[in-house]
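Good morning, colleagues. Please have the model on your screens.

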Amino acid sequence: MASELTADCANCFALCCVALAFTRSADFAFDKGATDPCRNLLDDFRCGIHPELRDVGMRGCTVFDCGGAGQKVSQHTYGGTSWRERPETRGEMFAVFPVMRELHELLWYLTEAVELAGSSEARGLLDETEAMTLLPAVEILALDAPAHHARARDLLLRVSSAARVPAGPDHRGADLMGARLRGAALDRASLRGAYLIAADLRGASLRGADLIGADLRDADLSGADLTGAMFITQGQMNAARGDSLTLLPDRLARPAHWG
């Protein structure tokens, strides 16, 4: 399943470049409304400035990761027929994409939960979530996503607690923006939903830490050890900074802009 949860832009109808909105900021050079194609989008769904994105003020594009939702919507939900070929599907397809993205993020977490806990409950919830991603578009839009997410959150919290014995520091939801944590001992810590924006985590040990939902934008992970860290997404790593000495869980790729 790991490959299915990795973005494959070649098999996507550039859904992130059209369906999602962004605002001019440090991450984006201009405003774009939801459902408006990005000005840099080519007719073949490729980005016309992809190699220069970070150099021209489009850093946000290099951080974003759909977790495989784009190709699932493009190739499965809509059978390989794009919104350009069938304009009448445009609105529905763009509405399905963010729902699918949330489901794929859950699949990422639940796949890891099965590996950590091996419980029938985790396996059952994983299978149920996968089945949701295979539904027709109209049924995906009718899902009670909040209720399903609540069940998953409860399970993931229990799996994390069991896997982090003895537990490390508890920083759930903590405001650690810009915190000086260089060389910090954060093994098996709970950093669920913590704000670690621009935090200095150089050389820190985060082995076995729970980083689900942690905001790692511009956090410096140079030389940090994240071996066995739990529930990290590729998007979180893309948003952070690191180097060749940063140790990552096997499921994650080292971002190209880390150098």
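**Pocket, cavity and helix packing**

Let us begin with the second largest pocket, whose lining consists of Glu-102, Glu-105, Leu-106, Tyr-109, His-149, Ala-152, Arg-153, Leu-156, Arg-192, Gly-193, Ile-212 and Gly-213. Please bear in mind throughout that this is a predicted model. The volume of this second largest pocket is about 230 Å³. By class, its lining comprises five nonpolar, three polar and four charged residues. At least two of the lining residues come from helix 3, and at least two from helix 6, which spans 145–163.

How many cavities of 30 Å³ or more does a search of the whole structure find? The search returns one. The largest cavity holds about 30 Å³ of space. Around it stand Val-99, Leu-103, Met-132, Leu-143, Asp-144, Ala-145 and His-148. Five residues of that lining are nonpolar, one is polar and one is charged. Helix 3 and helix 6 each contribute at least two residues to the lining of the largest cavity, and each likewise supplies at least two to the lining of the second largest pocket.

That brings us to the packing of these two helices. A pair of packed helices is described by the angle between the axes and by the distance between them. For helix 3 and helix 6, the angle is about 30 degrees and the axes are 10 Å apart. Angles under 35 degrees count as roughly parallel, and helix 3 and helix 6 are therefore roughly parallel to each other. Their crossing is left-handed. On the helix 3 side, the contact involves Glu-102, Leu-106, Tyr-109, Leu-110, Ala-113, Leu-116 and Ala-117. These meet His-148, His-149, Ala-152, Leu-155, Leu-156 and Val-159 of helix 6. The contact of helix 3 with helix 6 has ten nonpolar residues, two polar and one charged.

I turn now to the next partner of helix 3. Helix 4 covers residues 120–133, and its axis comes within 9 Å of that of helix 3, with a crossing angle of roughly 155 degrees. Angles over 145 degrees count as roughly antiparallel, so helix 3 and helix 4 are roughly antiparallel to each other. Helix 3 passes helix 4 in a left-handed crossing. From helix 3, the contact includes Met-100, Leu-103, His-104, Leu-106, Leu-107, Leu-110, Thr-111, Ala-113 and Val-114.

Helix 2 is the remaining partner for today. Helix 2, residues 69–77, and helix 3, residues 90–117, have axes that come within 8 Å and cross at roughly 125 degrees. That makes helix 2 oblique to helix 3. The crossing is right-handed. Ala-69, Gly-70, Lys-72, Val-73 and Thr-77 of helix 2 meet Met-93, Val-96, Phe-97, Met-100, Arg-101 and His-104 of helix 3. Six of the residues in this contact are nonpolar, three are polar and two are charged.

Finally, two points on backbone geometry. Is the peptide bond from Val-165 to Pro-166 cis or trans? The bond is cis, with omega near -5 degrees. Pro-166 lies in the loop between helix 6 and helix 7, the latter at 234–239. Ala-198 is also placed in the loop between helix 6 and helix 7. Although Ala-198 is not a glycine, its phi is positive, at about 60 degrees.

Thank you for your attention.

Methods
Residues numbered from 1 in each chain as written. Predicted model: local features only at pLDDT ≥ 70, side-chain atom pairs only at ≥ 80, totals over all residues. Heavy atoms only, no water. Axes fitted to C-alpha atoms, helices over the stretch in contact; angles between N-to-C directions. Helix = DSSP H or I, 4+ residues; strand = E, 2+ residues; numbered from the N terminus. Parallel < 35°, antiparallel > 145°, perpendicular 65-115°, else oblique. Left-handed = near helix turned anticlockwise from the far one by under 90°. Contact = heavy atoms within 4.5 Å. Nonpolar A, V, L, I, M, F, W, Y, C, P; charged D, E, K, R; others polar. 1 Å grid on protein atoms, 1.4 Å probe; cavity = no way out; pocket = protein on both sides within 12 Å on 5 of 7 lines; lining within 4 Å. Points joined across faces, edges and corners; volume = space filled by probe spheres on them.
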